2 protein chains.
Amino acid sequence: MAKELKELTKRAENYSQWFNDLIVKAELAEQSAVRGCMVIKPYGYAIWEKMQAQLDKMFKETGVQNAYFPLLIPKSFLSREAEHVKGFAKECAVVTHYRLKASEDGNSVEVDPSARLEEELIVRPTSETIIWNTYKNWIHSWRDLPLMCNQWCNVMRWEMRTRPFLRTSEFLWQEGHTAHATREEAEEEARTMLRVYADFAEKWMAVPVVQGVKSETERFAGALDTYTIEAMMQDGKALQSGTSHFLGQNFAKSFDVTYLNKENKPEYVWATSWGVSTRLIGALIMTHSDDNGLVLPPKIAPIQVVIVPIFRGDEQLQEISAKLQPVIKQLRELGITVKYDDSDNKRPGFKFADYELKGVPVRLAMGGRDLENNTIEIMRRDTLEKENVSFDGIVERIKHLLDDIQENIYRKAKDFRDAHIYECDDYEEFKEKVKDGGFFLCHWDGTAETEEKIKADTQATIRCVPFMFEQTEGVDMVSGKPAKCRVLIARSY
Amino acid sequence: MAKELKELTKRAENYSQWFNDLIVKAELAEQSAVRGCMVIKPYGYAIWEKMQAQLDKMFKETGVQNAYFPLLIPKSFLSREAEHVKGFAKECAVVTHYRLKASEDGNSVEVDPSARLEEELIVRPTSETIIWNTYKNWIHSWRDLPLMCNQWCNVMRWEMRTRPFLRTSEFLWQEGHTAHATREEAEEEARTMLRVYADFAEKWMAVPVVQGVKSETERFAGALDTYTIEAMMQDGKALQSGTSHFLGQNFAKSFDVTYLNKENKPEYVWATSWGVSTRLIGALIMTHSDDNGLVLPPKIAPIQVVIVPIFRGDEQLQEISAKLQPVIKQLRELGITVKYDDSDNKRPGFKFADYELKGVPVRLAMGGRDLENNTIEIMRRDTLEKENVSFDGIVERIKHLLDDIQENIYRKAKDFRDAHIYECDDYEEFKEKVKDGGFFLCHWDGTAETEEKIKADTQATIRCVPFMFEQTEGVDMVSGKPAKCRVLIARSY
């Protein structure tokens, strides 16, 4: 393990390779036999489960219910909403047949040509179309509104270049789809869910985010407004971490979903959709982790505290365990996830390195001398600081330490982010500086031409019109034309 | 609603139609636009979530971890295990292309013929093949064993005749896949998971089950032994509700998965797999529900207690609410799910019928007279008994009532089941009696011929060799040949 750890590429050497290495070495995920699809390994999936549990709770607190809609979507549905088809009816997995048969030699299987579907089915890239086709039958009167459903599921987009967690052909996500009586209510819902995402990112993942609204070019296909949270990775690039869309009446019109208002008149319904995915795990890794491996915020860590006894022989192990058991019990009663690793087929040094690599926030170690002195060694993963402390009051100490780590890694990420946000009014300066990463706040004239030029010149894109400050008018740094606001520009994943 | 309720077909009239009606009227699920695939509506999905939460807990207590494997499986994988291919490489959804393009007129999309996959991909009907292909890289030494993963996911089997929850082309399930060093350990694991399923069915769903082992004919494709839990529906038919398979070394050999034992010699790994699906919701409905609608066991009910205030005017509602709030709070503190329905756009009678239809175990109602008399009306869904009781001590009463309902519906289902289990030694008698349903315990000579004859004559099948009693030798009722055991025979879903 010590050897393997050394093989983890350093961030400064090759950030992208470090990310890929870390995912494999911390046993989060790996490539599968299917192009662009990953296997999420137990440790990676445990992080996703922690995220799901908290997000699900937050969604339900706003009145959202879970449901489940079909994986396969009739091909014709995708072309019902004119804008949507442009964005989503491209790189999709297409089901054309429904049966296999034995090959003539009996050693393999082949597609049965007689089992061709009349209409091809698409593995959902997102579910607006099939859900709005369903909502049509669920919504009749104003009494049926708002209708707010979410589903946790898998989706597929046949990506050409894939990276684990960041961009995979299949990924896991949640997609919320809501229907409302008024425009105002739908717009408010889209913003509410953006706030839920931002809260989750900052308070649970300890990832500071910029909230804002996308430019027209970057909008979700079929949306009138796309709200986004943008996080800064340690290489200064932006990672779009969650989006919430105000869909207007586009889908209601395409799928003919109307309701009778209180005056008994039919009106089209107003819609939103919003989603976050396993990409959040990518954001988590790239925000906090270091050259020793993962750094996980305690609130998302599958194991919050690991305890390693250091012993010679069974008798000493018994003594150490007897002393530790009440502490383990008390920690668990506080809802803290504890792993007691007394396995004897790995050396303590190996265990230490492994839990460091896996980002366990707090590590305790107790040996013979600790037993004599009534002490215990405590290590915090975020700073790697190690301390020998009194065994008395250890439970309280750990509780506070976990809170402290959660705060500290958020503050560290926020300080880093804030130190790399620049106001910039000069395009030449921008072009030079953006190479090193960072978020740039620049006046923009609102045209797609300027947006395209920036992208062509620098690969950077307008991430959003941020809500973080009072907007002032100014001059577009590229065109020199009047600009109503500053936008956030960055290179991104 | 009163009218709609009347439209629920009576069980005695048409059991099958009653089942379909109930699913729609209780808003559990509905047909989707995609053949054989259902939409699971929020109330139905909430039941699934309750099941998932408990099962997941029980799995993890046995040391199982969750993970996620790809949706799509390369076609060639399906033919790697010789028996498996016969069972699963037939009615599958086949992905042949990965891109759509705009049609010439621009109004629709069509499959891009140039985007044909080199090897077709199959939407997983079950994941043994892709998982064992992955396990190959995870297992090297005895230290890596046992490896026990589970995934919660969707699967597809292109069924010709579908019924909501019982048999759908897409369904949700969990599939556990474990790898062990020895045959004994794998066999024990398969039986352990069967016990977990039986415990869950009986203690949580209040569905009594017969545990047993399948005959060779009915085994999972690729298994050496398939263990099953079989439940009896109210029409006397069996519903296979969960299976656990001892796979021997079949998949290890097909995918070349070996480990180095403690003597450093390579050996093939031993395997199990086990699963339950949204079919459990079908079992739940058909075991307990009645002509008034769903009857749900409190431990699985999304809403355990509903409280309906009966009021004239806001002032009275305020008074009733003020009196009820402390009770609601106390119930919730006990972990009981309470819905307080003070909506004023539906009459109390409508609400009562709706919650009855939805199977809410306990309904409370409080009106003006109750307020005067310090009483409250309490109705239990299982027996439909209504009582006016003192408001004092209502929290304790509800707590006990929920336990009582859970027990009562289990006992009722068990009494029904036990009253319809027959020992039978005469084939003519069997043929006559099996028409009315029920479980038949009959001696069987162990041959596939006898099994086929029974099926051809009566549509009934051998459900399992049950573990419920000491086996005795005897004479096969069909062939007259010696028989080593009694098997459970029934018509089934």
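At roughly what angle do the axes of helix α10 and helix α13 of chain A cross? The first legend below takes up this point; every view is drawn from a predicted model.

**View 1. Helices α10 and α13 of chain A cross at roughly 40 degrees.** Helix α10 covers residues 313–333 of chain A, helix α13 covers residues 394–419 of chain A, and their axes come within 10 Å. The crossing of α10(A) past α13(A) is right-handed.At roughly what angle do the axes of helix α10 and helix α13 of chain A cross? The answer is given in the legend to View 1; the views show a predicted model.

**View 1. Helices α10 and α13 of chain A cross at roughly 40 degrees.** Helix α10 spans residues 313–333 and helix α13 spans residues 394–419, and their axes come within 10 Å. The crossing of α10(A) past α13(A) is right-handed.

**View 2. Side chains where α10(A) meets α13(A).** From α10(A), the contact takes in V327(A), Q330(A) and L331(A). Facing them from α13(A) are I394(A), V395(A) and I398(A). Sorted by class, the contact of these two helices holds 5 nonpolar residues and 1 polar residue, with no charged residues.

**View 3. Domains 1 and 3 of chain A in contact.** The domain assignment divides chain A into domain 1 (29–73 + 131–288), domain 2 (305–407) and domain 3 (421–490). Taken over C-alpha atoms, the centres of domain 1 and domain 3 of chain A are 27 Å apart. Each of these two domains gives 16 residues to the contact.

**View 4. The side of domain 1 of chain A that touches domain 3 of chain A.** Two strands give two or more residues to this side: β11 (209–213) and β12 (225–232) of chain A. The most come from β11(A), which supplies 4 residues. By class, the residues on this side of domain 1 are 4 nonpolar, 6 polar and 6 charged.

**View 5. The contact of chain A with chain B.** Here 53 residues of chain A are in contact with 53 residues of chain B. On the side of chain A, the largest share belongs to strand β5 (residues 94–97), with 4 residues. That side of chain A comprises 31 nonpolar, 13 polar and 9 charged residues.

**View 6. Strand β5 of chain A paired with strand β5 of chain B.** The two strands run antiparallel and are joined by 3 bridges. In chain B, as in chain A, strand β5 consists of residues 94–97. One of the residues to look for is H97(A), whose bridge partner in β5(B) is V94(B).

Technical notes: Residues numbered from 1 in each chain as written. Chains lettered and ligands numbered in written order. Predicted model: local features only at pLDDT ≥ 70, side-chain atom pairs only at ≥ 80, totals over all residues. Contact = placed C-beta atoms within 7 Å. Nonpolar A, V, L, I, M, F, W, Y, C, P; charged D, E, K, R; others polar. Pairing = 2+ DSSP bridges. Domains from an automatic or database assignment. Axes fitted to C-alpha atoms, helices over the stretch in contact; angles between N-to-C directions. Left-handed = near helix turned anticlockwise from the far one by under 90°.
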